[in-house]
Amino acid sequence: MNTAPRTSVKVAYAIAGGALLIVLTQLIGTFELAGRAWPPLADVLSYVLTPTGAGLLVRNSLVTFTSAAQGFALGSAVAVLGAALALVVPMFRPGLDRFAAILHAVPTIALAPLLITTVGREDAPAVIAALSVGFVMFVTMASGFANTGSAQHDLFTVFGSNRARRLVRLELPRAVPAFFDGLALGAPAAVLGATIGEWFGAPMGLGLVIVSAMQNYQMSLLWAAALAATAMSLLAYLIFVQLQRIAMRRFT
Amino acid sequence: MSRLRSAGVNLVHLWPVAFLLICWDVWVLVNGYTSTVAPRPWFVIQDVLAGFADYVPSISYTLGMALGGLIGGTLIGFVGAILVWWSAALSGIVTPTALIIRSVPITALIPIIARIVGYGDPAVLASTTLICFFPAFVFTLSGLAAIPEAGRDLFSVLGANKAQVLGRLGVLYALPNLMVSVRITAPSAVLAAMLAEFLMGTNGLGALFSESRSYMDMERAWGTAVVATVVSVLVFVGAQVAERRVDARLT
């Protein structure tokens, strides 16, 4: 415990942990320790490998992925613009900060009625995903912009740069790591937002499959869809964490 | 006078909220929506104020479930992290697993919990507890991992055993991290409680929302959304205050 374990040891532990998790899930299912609602993992996998199961999962995963990706792109773009606006027009700043904190705490389910009437059932998942990503992104970007030292700030001012130039030359490059931080945090939020949107009567998607499988007591399908959503969220997170590491190396 | 002034400044800084209310009203008027499509904000606020007694049971249920899960999940995560910290091998195995489980979307978790535990209060509480457990676990563990070598060496030179290192040094590093986790998970706990209630439709704000939506009582549905937002913001602000208190006490 006194020395930090080496990378190879860490990897070995991680693999052991993953294997332990799989074995535990399988055993709980086999012995019905958690009742019939927890099927053995092997049953879930064999369901995924059947043509119907695979087709259903792939089609709905694609729908959810599209909504999540659209929402992710839209939400991050608007949030970055908003944070930049708050930086360039200082008058807006205190209000926008507080507003972002409030928005951050809004339960996304509360936005559902608004979205169903405005954008309709089909586009609501993407918009809810965009909102969830936007909140996270705005908060990280605002703190990323605030992070530039006042000495550098003064230097730019003394050399006669205006706010727009200072934004482009100083604050934007400095905020790049925060941007990737926001992307890494926002990726799971996008998947969550899209599936929440699908709960409210979208025609297709993993969220819909999860709810209908639950109501019809199709446990293998429920678990398979839940695993697909988890895999999507985890993969997106890991990809953006890698990008974030690269950005950290380049911009700090 | 200065207190009055700062209160005034605080109010002025809420301008985006007022702006949003006005936009909402204009949007309803311009599109000519009837109140079954989208009610005007003033009627929604009126419904909340006039019928507040109808909201109270749902608010207290959701708040209770969210806070219960927040406190329970955080404590279990804290104790679990300490147990895991005790053994290097266990920590190596459990930490990656916890990270995987953390990325399970709540929307995938709640239906499974509802099927395993059964519809009702235990399922709601289990959902909120589980949502708060993993962040608390991960944050506590990273706090304990940040105990500097020098501090640990000093303690062992002075003959402290592992429990004393934990009680006198580890807590100092783990508690601020634990409070960060409380702040982060507080709104998620409210969201999880509402999603579970919405899905099972038994009790609470989520159930009130789904009920008034199916009766086309749009003022009540939107009112529930507004009330839920206020509850969530208050829980978040409360967690923020608690975090600052703990930080001020420890540093």
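**Figure 1. Order of secondary structure elements in chain A.** Read along the sequence of this predicted model, chain A follows the pattern α-α-α-α-α-α-α-α-α-α-α. The chain contains eleven helices and zero strands. Its C-alpha trace spans about 70 × 60 × 30 Å along the principal axes. Of the 252 residues in chain A, 43% are buried. Among contacts in this chain between residues at least 6 apart in sequence, 76% join residues at least 24 apart.

**Figure 2. The side of chain A that touches chain B.** Contacts between the two chains involve 46 residues of chain A and 41 residues of chain B. On chain A, the elements that contribute two or more residues to this side are helix H1 (7-30), helix H4 (93-105), helix H5 (112-118), helix H9 (176-199), helix H10 (206-215) and helix H11 (219-251). Sorted by class, this side of chain A comprises 33 nonpolar, eleven polar and two charged residues.

**Figure 3. Surroundings of Gly18(A).** Gly18(A) belongs to helix H1 of chain A. When residues up to four places away in sequence are not counted, Gly18(A) touches Pro96(B) and Thr97(B). Gly18(A) is classed as partly exposed because 14 other C-beta atoms lie within 10 Å, a count that falls between the limits of 12 or fewer for exposed and 20 or more for buried. Val80(A) is 62 residues from Gly18(A) along the chain, and the C-alpha atoms of the two residues are separated by 36 Å.

**Figure 4. The largest nonpolar core and the contacts of Leu222(A).** The largest nonpolar core has 139 residues. Those with the most contacts inside this core are Met141(A), Ile210(A), Leu222(A) and Ala225(A). With neighbours within four places in sequence left aside, Leu222(A) is in contact with Ile210(A), Ala213(A) and Met214(A) of chain A, and with Pro111(B) and Ile112(B) of chain B.

**Figure 5. Helix H9 of chain A and its bend.** H9(A) has 24 residues and reaches 34 Å from its first C-alpha to its last, close to the 34 Å expected at 1.5 Å a residue. The helix bends by about 30° at Gly186(A), and the proline Pro188(A) follows within four residues. H9(A) is mostly covered, with 22 of its 24 residues buried. Just after the helix, Gly201(A) adopts a positive phi of about 85°.

**Figure 6. Pro177(A) in helix H9.** Pro177(A) lies in helix H9 of chain A. Pro177(A) and Gly144(A) are 33 residues apart in sequence, while their C-alpha atoms are 7.8 Å apart in space.

Figure 7. In chain A, Tyr217(A) is found in the loop between H10 and H11. The phi of Tyr217(A) is near 60°, a positive value in a residue other than glycine. Tyr217(A) is exposed because 11 other C-beta atoms lie within 10 Å, and a residue with 12 or fewer belongs to that class. In chain B, Met216(B) is found in the loop between helix H10 (204-214) and helix H11 (218-250). Met216(B) has a positive phi of about 60° although it is not a glycine. Met216(B) is likewise exposed, with 11 other C-beta atoms within 10 Å.

How values were computed: Residues are numbered from 1 along each chain as its sequence is written. Chains are lettered from A and ligands numbered from 1 in the order in which they are written. This is a predicted model: local features need pLDDT of at least 70, side-chain atom pairs count only at pLDDT 80 or more; totals for chains, interfaces and linings use all residues. Two residues are in contact if their C-beta atoms, placed from the backbone, lie within 7 Å. Ala, Val, Leu, Ile, Met, Phe, Trp, Tyr, Cys and Pro count as nonpolar, Asp, Glu, Lys and Arg as charged, and the others, Gly among them, as polar. A nonpolar core is a set of buried Ala, Val, Leu, Ile, Met, Phe, Trp, Tyr and Cys residues joined through C-beta atoms within 7 Å. The expected span of a helix is 1.5 Å times one less than its number of residues. The bend at a residue is the angle between axes fitted to the seven residues ending there and the seven starting there.
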